[in-house]
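My notes follow the model below.

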Amino acid sequence: MKKTELISRVRLLLGAIAFPLITTLPTSAAPSGPGVRFADSIKIVRRDAPAGNAIRVREQLTESESAASLNFVVSLRMRNFDRFQTVLQSGGTVTKAEMEADYLPLKRDYDRVASWLAEQGFTPTLVDQGHTNIFVRGTVAKIADALDVAFARVATSDGEFTSAVAAPALPAELAAVVLGIDGLQPHVQLQTDKNPSGPTVDAAHLSRAIPADLLAAYHVPGDLDGSGQTIAIVMGAVPLASDLTAFYQAAGIAANASNVTVVPVNGGPTADSQTSAFQEVTMDTEWASGMAPGAKLMVYATPTISIADFVAACTQIMNDGQAKIVSHSASALESGLPPTSLRAYSQVFAQMAAAGITVLHGSGDNGTNGTPTYPASDPFVAALSGTMMTFDANWNATDEVVWPSTGGGVSAVFARPSWQAGPGVPAGTMRCVPDAASISTCITTTGTLFPFVIRGGQTIGVGGSSLTGPVWAGLIAIINQARAKAGLPTVGLLG
């Protein structure tokens, strides 16, 4: 047996033995080993987990599994974050100079942590101009060694993954400025809402709603089309230009597929991600551009639909400085994500709000079961629920009610933002989900059907709360266009 393999196996064994102790340490508590351990950066994975939960199926990794590369992110702690949130939620603005002086992590701390990671042999994949998140890539074996963390094979309903099963650690001289480490558990995935209704061969407007129907239903002025605005769609896949062209032609939309730009993030989608997220990115792109045909669209295509890759895309969006509207449609139960991940990502969404960017997210299709999904539960994200809109034979909207499957609930993590007050708001101090709503499905003279989408050359219906993000993205582009004409800034934080 090779020496490196022996060391790796011993480390895995020790990690497995110590796991119950490691995972009960408080965040950033000093471990007995060399460094400060970040227990809240992982979710516990047990060998005897109940059915339906992630379960550890093998403690020892093969050589190829140890040699596989993994992207992860080290998030620094923003300064004065409570004050920063209060300013933003009260409608205040924060200049770039104020961000640097009062709120962003110090650049010297960012450089110090980044230099240490480089010394360990990790490759940077994205530079954060806000010097908050350090995105790097390295082999599982190198991560295990540098961060003193054990890995194992973990199985979920999505397949089998190489994931961390013990908390990572950093040297004490770096740990004080670090909030958490994420991406070490690739089995913790977001999910797209899969709500297609069967294919149809008739003309689009004989059975399914198109963007023009919603523009009329929501009384959008005919002289506004989102011109001068840029919408970012984030997803782990890329749409087909042929689908976009066919959709525009069938629905009578004055848009062009050449107006859609693809921006690969961390290398772009994998084959698996492209397959699983293809329907979602197709619907998102078609409907965002259908609602605002004059707007430019940028599809930020990520390797996976993990929350870590979503935040990498958000960082790239801020770096690029073009899009002021972001729509994303993959989520997980708030309770299913590591606590420090939620805090680290909320910092990113707050920075986007300060930059005048509106982040939109559907509230999920799991009903109001008391546990909201994330990112929708973040106070710096506009959480959107779905409705059922009734149309008459001439496609005039006659009624709109809540879609029964739409998600919602009360956050167990985030405090209630200032705008959630007044008659009808439930008692309590924690954030309520959702904030707003739009169509998820429609009741027509031929039945209850999801709206029109062309995917892979096939005409189908797709809806659910996933549709709310691109619909609202188009509406915000139109609102921002009107505000620009009036000499006003972008909407930014919608709440």
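I began with a left-handed β-α-β unit, made by β13, helix α10 (residues 271-291) and β14. A crossover counts as right-handed if, with the strands pointing away from the viewer, the path from the first strand over the helix to the second runs clockwise. The model is predicted, so local features need pLDDT of at least 70 and side-chain atom pairs 80 or more, while totals for chains, interfaces and linings use all residues. Residues are numbered from 1 along each chain as its sequence is written, and side-chain values use heavy atoms, without hydrogens and water.

Next, the strands. β13 (residues 260-264) and β14 (residues 296-301) run parallel and are joined by 5 bridges; pairing takes at least two DSSP bridges. I found V263 opposite Y300 in β14.

Then I followed α10 to helix α13 (residues 468-485): their axes come within 7 Å and cross at roughly 30 degrees. The two helices α10 and α13 are therefore roughly parallel (angles under 35 degrees). In contact (heavy atoms within 4.5 Å), I noted D284 and W287 among the residues of α10, and P470 and L475 among those of α13.

Last, I looked up N394, which sits in the loop between β19 (382-391) and β20 (397-402). N394 is exposed, at 62% relative accessible area (exposed means over 50%, with a 1.4 Å probe and protein chains only). Its C-alpha atom is 9.6 Å from that of T445, 51 residues away along the chain.

Notes:
Helix = DSSP H or I, 4+ residues; strand = E, 2+ residues; numbered from the N terminus. Buried < 20%, exposed > 50% of the residue type's maximum accessible area, 1.4 Å probe, protein only. Axes fitted to C-alpha atoms, helices over the stretch in contact; angles between N-to-C directions. Parallel < 35°, antiparallel > 145°, perpendicular 65-115°, else oblique.
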